[in-house]
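Visitor: Please show me the chain, and then let us go through it by question and answer.

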Amino acid sequence: MFLEQLDSIDQTDVFSFCGLDLFGPIACKDVEHITVKRYGALSTCFSSRLTHIEIVLDKSTEEVMSAIDRTMSIRGCIETIYCDRAKE
């Protein structure tokens with residue numbers, strides 16, 4: 001049953017429509033052993049339910065756009081991204 005569902009997914013459909021959510025902060029130590037905050041960008045494909053996680057340094061627009069670019073370089077072109085407008 002599961003393999004039949006995988007065969008029915010067209011390769012162009014994977015990550016064409018996905019959701020994006022930021023989570024964190026996660027306490028990490030950098031090279032100099034200083035504790036810093038990092039966030040995660042979770043992309044979820046709506047057609048195949050695959051997930052992709054990218055590390056984000058902060059919640060700025062530039063960092064989130066870089067995470068989306070890195071996701072697209074690995075998973076392919078994203079046609080539509082849905083995300084919530086949650087407050088902190």
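Visitor: What percentage of the 88 residues in the chain is buried?
Guide: This is a predicted model, in which local features need pLDDT of at least 70, side-chain atom pairs count only at pLDDT 80 or more, and totals for chains, interfaces and linings use all residues. Residues are numbered from 1 along each chain as its sequence is written, and side-chain values use heavy atoms, with hydrogens and water left out. Buried means under 20% relative accessible area, exposed over 50%, and partly exposed in between, with a 1.4 Å probe and protein chains only. On that scale, the buried share of the 88 residues is 24%.

Visitor: What distance separates the end C-alpha atoms of helix H2?
Guide: The expected span of a helix is 1.5 Å times one less than its number of residues. For the 15 residues of H2, residues 61–75, this gives 21 Å. The distance between the end C-alpha atoms agrees with that expectation, at 21 Å.

Visitor: Within what arc do the buried residues of H2 fall, seen down its axis?
Guide: The buried residues in H2 are Glu63, Val64, Ala67, Ile68 and Thr71, whereas Thr61, Glu62 and Ser73 are exposed on the other side of the helix. The arc is taken from the directions that lead from the helix axis to the C-beta atoms. The buried residues line one face of H2, because seen down the axis they fall within an arc of 140°.

Visitor: Which strands do the buried residues of H2 pack against?
Guide: Contact means heavy atoms within 4.5 Å. The strands against which the buried residues of H2 pack are E1 (17–29), E2, E3 and E4.

Visitor: What is the angle between the planes of Phe46 and Tyr82?
Guide: Rings of Phe, Tyr and Trp (its six-membered ring) pair if their centres lie within 6.5 Å, and planes under 30 degrees apart count as stacked, over 60 as edge-to-face and the rest as tilted. The structure holds one aromatic pair, formed by Phe46 and Tyr82 at 5.8 Å centre to centre. This pair links distant parts of the chain, with Phe46 in the loop between strands E2 and E3 and Tyr82 in strand E4, 36 residues apart. The pair counts as tilted, the angle between the planes being 35°.

Methods: Helices (H or I, at least four residues) and strands (E, at least two) are DSSP runs, numbered from the N terminus.
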